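Visitor: Could we go through some side-chain contacts together? Please show me the model first.
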Protein chains: 2
Amino acid sequence: MSVAAPRTATERKADTLAMLGTPAIDVWVASADIVNGAMCAHLVPLSLAWIGERVVIAVGSDSATARNIREHCTARLGLGPTRDVVMIDAVLEDIIGVAEAPPALADGDAAQADWDPRTADGYVYIVLRPERIQAWRESNELSGRTLMRAGCWVV
Amino acid sequence: MSVAAPRTATERKADTLAMLGTPAIDVWVASADIVNGAMCAHLVPLSLAWIGERVVIAVGSDSATARNIREHCTARLGLGPTRDVVMIDAVLEDIIGVAEAPPALADGDAAQADWDPRTADGYVYIVLRPERIQAWRESNELSGRTLMRAGCWVV
């Protein structure tokens, strides 16, 4: 099978921003905590919104994802099919109940995600600030995969 | 948009086993560890093989995934597009260097995965035993999503 030539850094950044802005796109959200004395990763697919260079997800206030991120302030996110991935290491910027959220956040989330958590009970928005963003397709793109480092685009 | 009726438990188990047996299927693997004093989840897409009701992945011996699973003995796995997911909570059964692996494992992995780690240096097979398996498509399938509990199929 022939593999496409690796994309340039500029192409990867453009593709990454396009993916993050895609309507109704889902993201795999990994977080961690101690469960029954063992360190465990939690993982769940969620709707994503990309607002002001922040990843916004909506989850139940008592969900494992909300509890873990509230406690440990980090998450690792995976987007895309597994041969066209964007990986984001992110830190917690804010957790806001949906009823208290400013319109720019709640309306922005509803405009991109495929549902509106304001129609449900007990949800919070988690606002995550990317610290590192990496993007690759095949193994020939592992080199040069880091597009953001320490919160700054390097492209 | 109309949503399909929820599948029966039997259908979900059959679909899950079919997905796990798909050639060249990838899996999102989440594991956890302390990094720079903070509890962090790691997440990465990997090729999967399903051999004798075990999930087999091949990773670099010093990769974050290998280190985390060796240390904490658990992983959480996500398969499928995010609207047709199989989630697996698994425990470590074995880690074996590719050169020391029995043929049933190494050949079984190579037959399903899309590459053979015996062609590379420093790889190990991680053999994971599912403890819990859940499968759902849309929210109407969240009820009844648990197909395996405490290592036993409940279907």
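Visitor: Is Tyr123(B) buried, partly exposed or exposed?
Guide: Tyr123(B) is partly exposed, at a relative accessible area of 26%; buried means under 20%, exposed over 50%, and partly exposed lies in between (1.4 Å probe, protein chains only). This is a predicted model, in which local features need pLDDT of at least 70 and side-chain atom pairs pLDDT 80 or more, while totals for chains, interfaces and linings use all residues. Side-chain values use heavy atoms, without hydrogens and water.
Visitor: How many aromatic pairs are there over all chains?
Guide: The count is 2, taking rings of Phe, Tyr and Trp (its six-membered ring) with centres within 6.5 Å; planes under 30 degrees apart are stacked, over 60 edge-to-face, the rest tilted. In one of them, Trp115(A) and Tyr123(A) are edge-to-face, with 5.0 Å between centres and 75 degrees between planes. Trp115(B) and Tyr123(B) also pair edge-to-face, at 5.0 Å and 80 degrees.
Visitor: Now salt bridges. What does Asp26(B) pair with?
Guide: Its partner is Arg83(A), with the closest N and O atoms 2.8 Å apart; a salt bridge needs a side-chain nitrogen of Lys or Arg within 4 Å of a carboxyl oxygen of Asp or Glu. This pair crosses between chains, from strand E1 of chain B to the loop between strands E5 and E6 of chain A, where strands are DSSP runs (E, at least two residues) numbered from the N terminus.

How values were computed: Residues are numbered from 1 along each chain as its sequence is written. Chains are lettered from A and ligands numbered from 1 in the order in which they are written. Helices (H or I, at least four residues) and strands (E, at least two) are DSSP runs, numbered from the N terminus.
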